[in-house]
Each structure stands twice: as C-alpha cells, then as structure tokens.
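Welcome! Please load the structure in your viewer and get ready to select residues one stop at a time.

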Amino acid sequence: MSRIGKKPVELPSGVTATLSGQTIEVKGPKATQSFTATDDVTIAIEDNTVTVTPRGKSKRARQQWGMSRTMVANMVRGVTDGFKKELEINGVGYRAQMQGNTLKLSLGYSHDVDFDVPQGVTVTCPKQTEIVIEGDDPQLVGQVAANIREWRAPEPYKGKGIKYKDEYIFRKEGKKK
C-alpha cells in the first residue's frame, strides 16, 4: 500500500482541475500545467479533491500510484505558490549578476560564464553572492539550480564555490607538516 498515494490532493480556491482520459490539467493563478498518467492508475476528481488509485496489484501499478499522486500535488503547489531554490556563492571575486535573460557568473575562470535561463524559470540576484531560481515546475527549477551549481561546485577545504543555501559542506583538514 502506498501511504502517499492514499492521500487525496486538495484543490485550493482559485485552482481548477480538468480530466480528459489519463491527462489531468491544473489551472491556477500562476500557471497551467498538465500531466499524463500511465494506464496503471486511475485519476478521479470529486468536489475539490483529486484521488489517484491503482488499477491492479502489480508492482508497477503500485509504483505509479504514489508517483502520480505526487506529480498532481506538485502541479497544484506549482500553480499556486511555485517552487524556489536559493544558491549562495562563496569565494574571493566570485559573483553573479543578471543581464537580460542571461546570468553572468564570475567564478575564477579566465572568462565569465554566461548561463542562458530557460523558459518557465525566473532567476534573480538580490545580492552579488546570491541566486534565486523560481518557477512552477519543481523538476525544471531543480535542474536549472543543479546546472548553475555545476559550474563551480563547493570544494571541501575552503568551501569556495556555488552551494545551495541550506547545504552543509563537509570540511576537510589541510595537509599536515
């Protein structure tokens, strides 16, 4: 039994969901998203709640049950509140700034790194050492954050690099004489 799949997804006020076949479309104040579930699950909408049930007792049906419910819940959260990842830059001379739809990163290389921001995500730099990524799709927000972090991942000796705001960097001791 999927403990996550059993919970129904509540639709807050201002959010509507429509079902056509296996495709559910969620409209909210921020965006519109759709998700097509596999044939292993059944999606039903009853008075402001969305329920997902498996169509059999196979392992795949049980796997898709929890995953499909989570996808619907993420869509509802995405069209109401949205998702947000915050990155922090540590290091002397390391900085970031937005220029139009391009994020310019100075990360100690001989050149600046230009990162083109994809559609569906907004990137802001409140400070030179902070990057905030926001959007309605959690997968896209996380992937953009990971791609930016990949340019200079934090190193364990001084902690220089780009890290998530809540990330802990395990520090190592330097060489002993």
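## A short tour

Begin by selecting residues 12–82, a span that is 31% helix and 38% strand, with its end C-alpha atoms 14 Å apart. Here helices (H or I, at least four residues) and strands (E, at least two) are DSSP runs, numbered from the N terminus. This is a predicted model, where local features need pLDDT of at least 70, side-chain atom pairs count only at pLDDT 80 or more, and totals for chains, interfaces and linings use all residues. Residues are numbered from 1 along each chain as its sequence is written, and side-chain values use heavy atoms, leaving out hydrogens and water.

Next, select residues 91–164: this part is 18% helix and 38% strand, and its end C-alpha atoms lie 14 Å apart.

Now for the charged pairs. How many salt bridges does a search of the whole structure find? There are ten, each a side-chain nitrogen of Lys or Arg within 4 Å of a carboxyl oxygen of Asp or Glu.

Show R60 and D40, whose closest N and O atoms are 3.0 Å apart in a salt bridge. R60 sits in helix α2 (residues 59–80), while D40 is in the loop between β4 (32–36) and β5 (41–46). R60 has a relative accessible area of 44%, so it is partly exposed (between buried, under 20%, and exposed, over 50%, with a 1.4 Å probe and protein chains only).

Move on to K165 and E88, which meet in a salt bridge at 4.0 Å, N to O. They are 77 residues apart, with K165 in the segment after β13 (161–164) and E88 in strand β7 (residues 83–90).
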